[in-house]
Amino acid sequence: PFSSLRTQEWCWPPPHQKPSAPMKQHLLQLLVLAVCLIKGSLGIRGDLHLGLAEKEDGKQDTRDRDSYVKSKLSLDREVAGQFQDLDEPRVWSIPEKPKVAFLFLVKTELDYLDLWDKFFSAAPESGFSIYVHRFGLPDASKAAATPMPLAKFGARAVPWVKTGWCALFGVEVAALHAALKDKDNTQFVFVSESTVPLKRFDYVYNQLVKKSPMTSKFCLASKAEQPLAEMEVLEQEAKRACIFKDFLRDINPRTLKHHQWAVLSRAHAAIVVRQALPAIEAFEGSWKQAAPDLKQAAEGCSDEAVPLTALLLDLETQGASTGNVWADFARLGVEQNCLTYVRWRNCFTGTELDLSSPIHDFMTIARNLGSLFSQFAGDFMQSNLKTEMNGFPHAFDHVAEAYLRSMVEQSFMFARKFHRNLNVTMTDGSPSQPLSELLPKLWDEVNEQSSQAKTWRLLESAGRPDPLQM
């Protein structure tokens, strides 16, 4: 159905529409447009190269994609299927001493153990619980011999289960199942090993337990504008716009892509465990069809869609759905609230959190134009260019003090992708400071009311806080 799409129809504005201002302003965009035009000349009759294998009869060969989807979801099904014995009532009331349950998913340890030590040292023991899954320690004897991160705060091991890249929903179910055994756990926070806390514990507890104990907080991706991943990435590059997009909802509006590191209420945590298997099935139907030009993989991962799919599916099962996804979010108590900062390419363009560099991008594109067309016959999705232009979340190996302060001042509670032993470049020119020493000082400067006025609904420019509410 997409083979008739011509390159010029999306690389260049229609005749009645003038090129946008950013298209004229940035050399980067001119180069990306050049990519579009050259790709058009490479394709038969100007058709865009789709990167799809075809059989002799002209039908798309989806065997590689089907194998990929099957391998990932079979692992998730195997793991989630082990935890279907959940004994949790549907009707639940807030306990006398509610807790925040922190669910750490790590290889063996935390990158910033010292920061988390300071975070929990300032917290009352009755206010939190900690669960840790260490996927790098499958052997029970080795796990027992390896110090448990945050053990002095009562951290408990999540029973080891199989995990894999892009197959993490199963371990999420395992962690939730373990944490639900404590009846005082009220809010459930997923945390990665490279995550650091941006606020003090009392801020986190106040916002999650005291002010919103019955709601979950998800950070959704905005809808893709093009049906094919390659088209979408190049279009967003031309506009210097966010590349983290949702291709699923066009297939099924009740399967929506979101960032993995969500916060769940207790009722919703139980639903995710209980509805895990049917939700995986619903997700599979969309995942197989979304962004069909990815012939050897699929767009997104199970942990970025199945949890929210489970909640919507349960509402349908209970006969309580309104038929409208957004109205169902309100009925469920699902907030669009991004509590964990992560930067995908171009997603904060034009905001105070923008780290993009048009000049750097210009040089990167110029350096890779030759290999893009000679090595991959115009397949941008498999090129060095896409890799060099950071197709994955940005990983910090250094950070400026001003930028770190800006992150802390927003409503984000946590931030991901910080390399170990990172130093912060100080604004006043003084010697750089270790992140683990400076960040706790910034916690003390947070104005809770001001931070809450800077809530991000999406991790991109379109989701920035409304200045009228600040």
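This is a predicted model: local features need pLDDT of at least 70, side-chain atom pairs count only at pLDDT 80 or more; totals for chains, interfaces and linings use all residues.
The contact between β5 and β13 (residues 414–415) is antiparallel and comprises 2 bridges. Within this contact, P197 has F414 of β13 as its bridge partner. In general, the strands of a sheet pair through backbone hydrogen bonds, in either a parallel or an antiparallel sense.

A search of the whole structure returned 3 disulfides. Such a link is a covalent bond between the sulfur atoms of two cysteines.

One of the disulfides is formed by C166 and C301, with a distance of 2.0 Å between the sulfur atoms. The angle about the S-S bond is -110 degrees, and the link of C166 and C301 is accordingly left-handed. This pair connects distant parts of the chain, 135 residues apart: C166 is located in the loop between β3 (156–157) and α7 (169–179), whereas C301 is located in the loop between α11 (276–287) and α12 (306–317). Both cysteines, C166 and C301, are buried.

A further disulfide joins C219 to C338, with an S to S distance of 2.1 Å. This link of C219 and C338 is right-handed, with 80 degrees about the S-S bond. Because C219 lies in the loop between β6 (216–218) and β7 (222–223) and C338 in the loop between β10 (334–336) and β11 (340–341), the pair ties together parts that are 119 residues apart in sequence. The relative accessible area of C219 is 7%, so this residue is classed as buried. C338 likewise counts as buried, because its relative accessibility is 0%.

C242 and C347 also form a disulfide, in which the sulfur atoms are 1.9 Å apart. With 60 degrees about the S-S bond, the link of C242 and C347 is right-handed. For C347 the relative accessibility is 2%, so C347 counts as buried.

Key
Residues are numbered from 1 along each chain as its sequence is written. Side-chain values use heavy atoms; hydrogens and water are left out. A disulfide is a pair of cysteine sulfur atoms within 2.5 Å. Helices (H or I, at least four residues) and strands (E, at least two) are DSSP runs, numbered from the N terminus. Buried means under 20% relative accessible area, exposed over 50%, partly exposed in between (1.4 Å probe, protein chains only). Two strands pair if DSSP finds at least two bridges between them.
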